[in-house]
Amino acid sequence: MTKKSTTDTRTRRYIRITDEGLWQQIDNISQIEKYSKSFNLIINDALFYGLPILYKKLFGDVQDEIPETYERHREQVRDDGANNEFYQIIVRLLKEIVLNETINKSMLSSIFNACKEGYNGETVSGKEFAVGGYSGTPDYLESYELKGLKNIGGKKK
C-alpha cells in the first residue's frame, strides 16, 4: 500500500519585514529595471537564491541545480509588460462583469420589491421606482448572499 502524498497548494502567504537594512536592500534592487514593477519578483528571486543556503545551514544538504520548474515559471511570469497588460485587461473585464451584475441585481430587486408591494395591495410609486427606491436585496436573499460571499472568500483556519 502506497502512501498518498499531499501537496500544499497555497500560493499566497504574508510576511512582515521589520529590518530596515533589508528594506534598504529591497529598495535598491527595485531600482533595477527588471525589478522596478514587481515586488513579488524581488522576493521570489531572493527566496530562490537564499533559501538553499538556509536549507544547507539547517540540514547540511542543498540542491545545487536550478529546478527546471523554476525556469519555466520565470518564463511564464515575464516582467516585460506583456503579462501585466494581459492581467490589466482581465481585471478591467472582471470589473465590467461585476458592474453589470450589480446593475442586474438592482433592477431585478426593484421589480421584485415593487411587485411584492403591489401584490400586498400597497401603492407602488413610479417616481420611487425610477430612482431605485425598491432596489434593496429582498430579505429572504440577504442571508443566502452573505453565506455565498463568505464561501467565495475561502475558509479561514
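Asn113 counts as buried, at 10% relative accessibility; here buried means under 20% relative accessible area, exposed means over 50%, and partly exposed lies in between (1.4 Å probe, protein chains only). The residue is found in helix α4. Leaving aside residues up to four places away in sequence, Asn113 touches Tyr134, Ser135, Gly136 and Pro138, where contact means heavy atoms within 4.5 Å.

Ser125 lies in the loop between α4 and α5 (126-130), and at 31% relative accessibility it counts as partly exposed. Ser125 and Ala114 are eleven residues apart in sequence, with their C-alpha atoms 8.5 Å apart in space.

Residues are numbered from 1 along each chain as its sequence is written, and side-chain values use heavy atoms, with hydrogens and water left out.

The chain averages a pLDDT (the predictor's confidence in each residue, from 0 to 100) of 79, and 75% of the residues score at least 70. Where is confidence lowest, and where is it highest? Helix α3 (residues 68-76) has the lowest mean, 55, and helix α4 (residues 82-119) the highest, 89. Where pLDDT is low, the predicted coordinates should not be read in detail.

## Overall architecture

The chain's secondary structure comes to six helices and zero strands, so from the N terminus on the elements run α-α-α-α-α-α. Helices (H or I, at least four residues) and strands (E, at least two) are DSSP runs, numbered from the N terminus.

Of the 157 residues in the chain, buried ones make up 11%. The chain exposes about 14,500 Å², with carbon and sulfur atoms supplying 56% of it; such accessible areas come from the Shrake-Rupley method with a 1.4 Å probe, and for residues only the protein chains shown count as cover. Among contacts with a separation of 6 or more, residues 24 or more positions apart account for 35%.

## Two salt bridges

The structure holds two salt bridges, each being a side-chain nitrogen of Lys or Arg within 4 Å of a carboxyl oxygen of Asp or Glu. Arg92 pairs with Glu96, the closest N and O atoms being 4.0 Å apart. Because they are four residues apart in helix α4, Arg92 and Glu96 are separated by about one helical turn. Glu96 counts as partly exposed, at 41% relative accessibility.

The other salt bridge joins Lys105 to Glu145, with the closest N and O atoms 2.4 Å apart. Lys105 lies in helix α4 and Glu145 in helix α6 (residues 139-152), so this pair ties together parts that are 40 residues apart in sequence. Lys105 is partly exposed at 34% relative accessibility, and Glu145 is partly exposed too, with a relative accessible area of 30%.

Which residues form the largest nonpolar core? Ile26, Tyr35, Leu41, Ile42 and Ile43 do, a core being a set of buried Ala, Val, Leu, Ile, Met, Phe, Trp, Tyr and Cys residues joined through side-chain atoms within 4.5 Å. Helix α2 gives the most to this core, with three residues. Not counting residues up to four places away in sequence, Ile42 touches Ile26, Ile29, Ser30 and Tyr35.

Leu54 lies in helix α2 (residues 39-59) and counts as partly exposed, at 43% relative accessibility.

Terms used
This is a predicted model: local features need pLDDT of at least 70, side-chain atom pairs count only at pLDDT 80 or more; totals for chains, interfaces and linings use all residues.
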